[in-house]
Amino acid sequence: MNAIEIVKEQTAAYDAGKSCAVVTIAQADGSTPRSNGKMIVYADGSSKGTVGGGAVELLAIRDAQKCIQTGENAFREYDLTSPASDTGMTCGGHISVMIEVFIPRLLLVMCGAGHVGGCVLKLAGFVGFDTLLIDDRPADSIADKIENAGRFAGVKDFEGEIKEMNIPEGAYFVIATHGHACDGEALSGALSKNAAYIGMIGSSKKVAALFDKLRAKGIANEQLNSVYTPIGLDIGGETPEEIAVAIIAEIQAVRYGKKTSHMKGKEK
């Protein structure tokens with residue numbers, strides 16, 4: 001696998017939301033299996049490409065896995081001169097490698113390009129999320145919201161098309177479309193993903209009606225009970241900007257495992 005193929009593999013890993021590390025031979029002297037080479041390593045230890053094979057490559061993979069866990073780059077040297085070294089090899093040389101870690105940003109999926117959606121996208125990008133906007137309206141009618149998003153997906157069928165989308169595990173969904181029916185469709189689609197968070201805007205009455213329809217479609221109470229709705233932390237405010245702050249604050253609280261006062265389960 002050459003350098004260009006490694007880059008393509010990195011791009012595919014990013015699109016799939018997979019963390020990885022690229023290991024590059026930075027220096028090789030004496031008798032070594034290779035004087036140059038690259039490989040990409042994933043968190044589970046699988047790899048593509050090579051830096052020479054054998055014990056050196058095994059050590060490099062293990063070191064790359066550790067770097068992925070800590071999120072830090074590293075420079076490692078491997079001794080090939082003694083059976084007593086970590087490599088156990090006696091080729092008579094040394095290999096130094098650079099390990100570069102690539103951790104994809106968490107993804108926030110905004111279903112709905114309304115006033116709240118636009119504000120959520122701005123704040124999500126500000127605190128470090130990659131963002132995907134999904135909406136069924138013509139792109140030119142929501143151009144200002146699309147401009148705030150990292151990516152835009154125009155759909156005709158929220159439920160079916162979200163289910164078919166390649167959305168990585170651990171994504172954060174915010175549902176605030178232009179109508180109750182579309183909210184329900186988007187929610188059904190989001191529940192088919194292994195999401196870290198799903199929140200939906202709306203009153204308790206609206207939520208109860210939507211949940212009844214989804215139960216009739218076979219969605220379990222356990223799944224529905226995991227949805228944060230009414231959405232956001234109970235911090236007050238009713239403008240789109242204030243609601244967006246409450247939503248992002250709730251997402252951050254869930255992300256970091258903090259207990260706080262949610263709107264979920266309260267009348268609104």
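**Strands, helices and their contacts**

Student: How covered is strand β7?
Tutor: Strand β7, residues 130-135, is mostly covered, as six of its six residues are buried. Buried means under 20% relative accessible area, with exposed over 50% and partly exposed in between, using a 1.4 Å probe and protein chains only. Helices (H or I, at least four residues) and strands (E, at least two) are DSSP runs, numbered from the N terminus.

Student: What should I know about the model itself?
Tutor: This is a predicted model, in which local features need pLDDT of at least 70 and side-chain atom pairs count only at pLDDT 80 or more, while totals for chains, interfaces and linings use all residues. Residues are numbered from 1 along each chain as its sequence is written, and side-chain values use heavy atoms, leaving out hydrogens and water.

Student: Back to β7, then. Which residues point which way?
Tutor: Asp130, Leu132 and Ile134 point one way from β7, and Thr131, Leu133 and Asp135 point the other way. In a regular strand the side chains alternate between the two faces of the sheet.

Student: Which sheet is β7 in?
Tutor: β7 belongs to an open sheet of five strands in the order β8-β7-β6-β9-β10, with parallel pairing. Two strands pair if DSSP finds at least two bridges between them. At the edges are β8 (151-154) and β10, each of which pairs on one side only. From one strand to the next, the twist averages 15°.

Student: How many bridges join β7 to β6 and to β8?
Tutor: Strand β6 (residues 107-111) and β7 pair in the parallel sense over five bridges, and Leu107 stands opposite Asp130 in β7. β7 and β8 pair in the parallel sense over four bridges, and the bridge partner of Leu133 in β8 is Phe152.

Student: And what does β10 look like?
Tutor: In strand β10 (residues 197-200), Tyr197 and Gly199 point one way and Ile198 and Met200 the other way, and all are buried. Strand β9 (residues 172-175) pairs with β10 in the parallel sense over four bridges. Met200 in β10 is the bridge partner of Ile175.

Student: Now the other sheet. What is its strand order?
Tutor: Five strands form an open sheet in the order β3-β2-β1-β5-β4, and the pairing is antiparallel. Its edge strands are β3 (47-49) and β4 (74-79), each pairing on one side only. The twist averages 25° from one strand to the next. Strand β1 (residues 20-30) and strand β2 (residues 38-42) pair in the antiparallel sense over five bridges, and Val41 in β2 is the bridge partner of Ala21.

Student: Which strands does α1 touch there?
Tutor: Helix α1 (residues 3-15) packs on the sheet and touches β1, β2, β3 and β5 (93-102), with its direction making about 20° with that of β2. Contact means heavy atoms within 4.5 Å. Axes are lines fitted to C-alpha atoms, for helices over the stretch in contact, and angles run from 0 to 180 degrees between N-to-C directions. Helix α2 (residues 54-70) lies across β1, β2, β3, β4 and β5, running at about 50° to β2.

Student: Changing topic: at what angle do α3 and α9 cross?
Tutor: The axes of helix α3 (residues 115-126) and helix α9 (residues 240-255) come within 8 Å and cross at roughly 50°. That angle makes α3 oblique to α9. Angles under 35 degrees count as roughly parallel, over 145 as roughly antiparallel, 65 to 115 as roughly perpendicular and the rest as oblique.

Student: Which residues make that contact?
Tutor: From α3 there are His115, Val116, Cys119, Val120, Leu123 and Ala124, and from α9 there are Pro240, Glu241, Ile243, Ala244, Val245, Ile247 and Ile248.

Student: Last one: where is the cis peptide bond?
Tutor: The peptide bond from Thr229 to Pro230 is cis, with omega near -10°. Pro230 lies in the loop between α8 (221-225) and α9.
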